[in-house]
Amino acid sequence: MGFWYVKAVLGRDLDLSTPGALLSLRVRPTVCLAVLVGTSVLICVGYAVLEAGRFPGTARLREIVNPGAEANLGAWYNGLLLAIVAGLALVIGLAQRSAGVVGAKAYLFLAALFALLSADEVATLHEHFSMGLYVNFARRIDLWVGEPEKYDVFPYSLYALAGLISLGLLRRDYLAMWRQYGGNVSLIAGMACIIVGAVVVDQMPYPWEQRRYFMALEELFEMVGASLIVHGMLIKLGPTLALARPGPHPMD
């Protein structure tokens with residue numbers, strides 16, 4: 001039923017029979033990728049330039065676009081990218097489930113995971129978790145000397161654990177997902193970028209005065225990673241929704 005849900009919402013006939021066509025607008029996934037990555041670079045690199053130049057009258061603008069801060073344009077854009085991934089995974093999962101295709105459970109799990117990541121990015125859930133751990137436990141017993149941000153590794157580990165558990169429980173669905181329609185290179189590259197940003201760059205030692213630049217670099221990796229995952233999902237979207245259309249099966 002996933003195809004018909006989308007069709008009813010948009011109120012238009014969908015042409016999704018090939019990976020290169022998105023809805024009836026025929027927007028190619030590569031074009032979407034270029035726009036999303038370009039926007040990510042504009043936000044992060046633009047902020048770095050503004051921060052380095054400290055141009056007069058830009059203090060408020062720097063505060064608005066700072067990708068390392070919370071409740072601003074950078075955080076909302078990153079949350080939007082993750083929400084798009086969740087929405088695409090949900091539609092693909094619903095369409096595959098309605099067509100009886102193996103792989104639907106993997107997409108539905110990814111939809112839930114990325115919806116949680118999107119809420120985390122917008123509502124700063126893992127930051128609150130890390131700060132609570134730092135204040136109420138770690139600092140009292142000298143578990144780790146460092147800033148509260150260093151404890152982000154713990155909530156990230158919980159996300160990783162959930163992913164590993166899903167790989168074990170849904171391995172048949174993930175294997176089917178891997179074999180369907182392409183887009184796997186973008187998905188893997190996107191996941192790798194997110195891990196590099198959220199774990200490697202986030203935990204790197206750096207001088208305090210350069211903290212803002214490293215935070216911008218972290219967010220850039222995460223935004224580019226989410227953009228790549230959107231690209232991979234879009235490649236898989238067309239043939240998947242075509243399962244609900246009359247005519248030849250897209251896997252024939």
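Biologist: How far apart are the end C-alpha atoms of H2?

Modeller: Helices here are DSSP runs (H or I, at least four residues), numbered from the N terminus. The expected span of a helix is 1.5 Å times one less than its number of residues, so the 25 residues of H2 should span 36 Å. The model agrees with this, as the end C-alpha atoms of H2 are 35 Å apart.

Biologist: On what basis are such values given?

Modeller: This is a predicted model, in which local features need pLDDT of at least 70, side-chain atom pairs count only at pLDDT 80 or more, and totals for chains, interfaces and linings use all residues. Residues are numbered from 1 along each chain as its sequence is written, and side-chain values use heavy atoms, with hydrogens and water left out.

Biologist: Against which helices do the buried residues of H2 pack?

Modeller: Buried means under 20% relative accessible area (1.4 Å probe, protein chains only). In H2 the buried residues include Leu-33, Leu-36, Ile-43 and Tyr-47. They pack against helix H3 (59-65), H4 and H10.

Biologist: Is Glu-222 buried or exposed?

Modeller: Glu-222 lies in helix H10. With a relative accessible area of 8%, Glu-222 is buried.

Notes: Helices (H or I, at least four residues) and strands (E, at least two) are DSSP runs, numbered from the N terminus. Buried means under 20% relative accessible area, exposed over 50%, partly exposed in between (1.4 Å probe, protein chains only). Contact means heavy atoms within 4.5 Å.
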